Amino acid sequence: MAEIPLIETIHLKKYFSTPAGPLHAVDDVNLKIYPGKTLGVVGESGCGKSTLGRVILRLIEATEGQVLFNGENVLEQNKQRIKELKKEMQIIFQDPYSSLDPRLSVAELIAEPLQVTKSIKGKAAINKRVSELMDTVGLAERLAIAYPHELDGGRRQRIGVARALAVNPKFIVCDEPVSALDVSIQAQILNLLMDLQKDMGLAYMFITHDLSVVKHISHDIAVMYLGQNVELAPSDELFRNPMHPYTKALLASIPLPKLNSRMSQQEVIHGELTSPINPKPGCRFAARCPERTEACTKANIPLKEVAPGHFVSCVKYL
């Protein structure tokens, strides 16, 4: 029997109105995230990664499409049902400083989701739960009365993780949660997230532009370019056999410790980004693609399964 996805997007779209026309931030994205698994979402800045995560959580309203959580369309639910669903779906933000209220102590910040959702009632019960969460994410008990400005980035991000865990979610959007941290601290937070996933069966959407990070934590990887998903595959398969020219160029950009080790196979991206406002039909990477043909700009190219679990949007595989 096939496993049922925890999260599924079906033809999901989000357009923003601009004076020049609609900006296609997320355009016809189809994804599946399974219980206890991590889907990494990668792409350069402005490709729609963070917008996709926020639309799934209904922090931003979608323009069109469906977001299914355990088969239930999140986009069709009323406010009361959304409040209940948001206990199941949480987010860890990129900047661990600006996402925290500087007027609240560590204990107050972690207690806030419990108070807002009324998950736990009574001061003693809330304090006990806060203490448990601090221990879970590796925050010393003495820091309970500290404020965000007194802590380093790693400890601040641990607060963000504790806040996301407070209401016992099943799914967490990790929106570049380690990009603002030092490398050594990044490893600590990544290992914490992986341990929590193993212990609690959490599903993650891990948004990042760091390919070495996404390889370390993800089971599957989706590559986005200007609002569209251009390749989707298991992590090992994507790094072993990238098919879309954009994916190849991204992987070639990963710095290696050995000089000239990849000079012969390096893919260099030339040209300017296509405007996401009223984009023309066809592949949006065509203007920068060294392998482009006339067929690339004639019509939109569907995401096609070219190997088991490996999907790509490119005319070479139609």
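In which hand does α4 pass α5, right-handed or left-handed? I opened the notebook with that, keeping in mind that this is a predicted model.

**Entry 1: the helix pair**

I looked up the crossing, and α4 passes α5 in a right-handed one. I noted the spans next: helix α4 covers residues 123-137, and helix α5 covers residues 153-165. They pack at an angle of about 130°, with their axes 9 Å apart.

**Entry 2: who meets whom**

I then listed the residues of the contact. From α4 come Arg129, Leu133, Thr136 and Val137. In α5 they meet Arg158, Val161, Ala162 and Leu165. I sorted the residues of this contact by kind: five are nonpolar, one is polar and two are charged.

**Entry 3: the sheet**

Which order do the strands take in the open sheet? I read it as β2-β1-β4-β5, four strands with antiparallel pairing. The edges are β2 (21-33) and β5 (72-73), and each of these pairs on one side only. I followed β4, residues 64-69, to its pairing with β5, and found two bridges in the antiparallel sense. Phe69 has Glu72 in β5 as its bridge partner.

**Entry 4: a helix on the sheet**

Which helix packs on the sheet? I found α1, residues 49-56, touching β1 (7-18), β2 and β4. The direction of α1 makes about 115° with that of β1.

Notes
Residues are numbered from 1 along each chain as its sequence is written. This is a predicted model: local features need pLDDT of at least 70, side-chain atom pairs count only at pLDDT 80 or more; totals for chains, interfaces and linings use all residues. Side-chain values use heavy atoms; hydrogens and water are left out. Two strands pair if DSSP finds at least two bridges between them. Contact means heavy atoms within 4.5 Å. Axes are lines fitted to C-alpha atoms, for helices over the stretch in contact, and angles run from 0 to 180 degrees between N-to-C directions. A crossing is left-handed if the near helix is turned anticlockwise from the far one by less than a right angle, and right-handed if clockwise. Ala, Val, Leu, Ile, Met, Phe, Trp, Tyr, Cys and Pro count as nonpolar, Asp, Glu, Lys and Arg as charged, and the others, Gly among them, as polar.
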